[in-house]
Amino acid sequence: MPWFVKIEEGIVDKDTFDQYVPAHKAFVKDLIEKGHEARTGYWGCFGGGMLLFKANSMDEAKTIIENDPLIQNGCVNYKLYEWRVVVE
């Protein structure tokens, strides 16, 4: 399964964003349980983060991202990329 990366930029205030963090963490844990090897985190400076995960295709990756509570609740702008690993 290829790797995909969602690079995100926060677009709401911290209080609004923080409301959806528990749901986002549950979403990521569910991805892990389903075999997507997901990892999530945020930048050291305020305002964004990244979700790394495996999916079978770009279409599947887009479907996965559309179910992220941070996306569903308009907390971030994002770009989705297929990440091609060259050294493991």
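This is a predicted model: local features need pLDDT of at least 70, side-chain atom pairs count only at pLDDT 80 or more; totals for chains, interfaces and linings use all residues.
Trainee: Which residues have the most contacts inside the largest nonpolar core?

Mentor: The largest nonpolar core has 16 residues. Elements giving two or more residues to this core are α2, β3, α3, α4 and β4. Within the core, the residues with the most contacts are Leu 51 and Phe 53.

Trainee: Is Asp 68 buried or exposed?

Mentor: Not counting residues up to four places away in sequence, Asp 68 touches Lys 6, His 24, Phe 27 and Leu 51. The relative accessibility of Asp 68 is 0%, and the cut-off for a buried residue is under 20%. Asp 68 therefore counts as buried.

Trainee: Why do the buried residues of α3 line one face of the helix?

Mentor: The buried residues of helix α3, which spans residues 58-66, are Ala 61, Ile 64 and Ile 65. Seen down the helix axis, these buried residues fall within a limited arc, so they line one face of α3. In general, an α-helix has 3.6 residues a turn, so residues three or four places apart point the same way. The arc that holds the buried residues of α3 is 95°.

Trainee: Which exposed residues does α3 carry on the face turned away from its buried side?

Mentor: The buried residues of α3 are covered by elements that include β1, α2, β3, α4 and β4. The face turned away from that buried side carries the exposed residues Asp 59 and Glu 66.

Trainee: What is the relative accessibility of Ala 61?

Mentor: Ala 61 is found in helix α3. Leaving out residues up to four places away in sequence, Ala 61 touches Phe 4, Phe 53, Ala 55 and Leu 80. Ala 61 counts as buried because its relative accessibility is 0%.

Trainee: How many salt bridges does a search of the whole structure find, and which residues are joined into one network?

Mentor: The search finds six salt bridges. One of them pairs Glu 37 with Lys 54, whose closest N and O atoms are 3.2 Å apart. Glu 37 lies in the loop between α2 and β2 and Lys 54 in strand β3, so this pair ties together parts that are 17 residues apart in sequence. Through salt bridges that share partners, the residues joined into one network are Lys 6, Glu 8 and Asp 68.

Trainee: What is the N to O distance in the salt bridge between Lys 6 and Glu 8?

Mentor: Lys 6 counts as buried at 0% relative accessibility, and Glu 8 likewise counts as buried at 7%. The side chains of Lys 6 and Glu 8 meet in a salt bridge with an N to O distance of 2.6 Å.

Key. Residues are numbered from 1 along each chain as its sequence is written. Side-chain values use heavy atoms; hydrogens and water are left out. Buried means under 20% relative accessible area, exposed over 50%, partly exposed in between (1.4 Å probe, protein chains only). Helices (H or I, at least four residues) and strands (E, at least two) are DSSP runs, numbered from the N terminus. The arc is that of the directions from the helix axis to the C-beta atoms. Contact means heavy atoms within 4.5 Å. A nonpolar core is a set of buried Ala, Val, Leu, Ile, Met, Phe, Trp, Tyr and Cys residues joined through side-chain atoms within 4.5 Å. A salt bridge is a side-chain nitrogen of Lys or Arg within 4 Å of a carboxyl oxygen of Asp or Glu.
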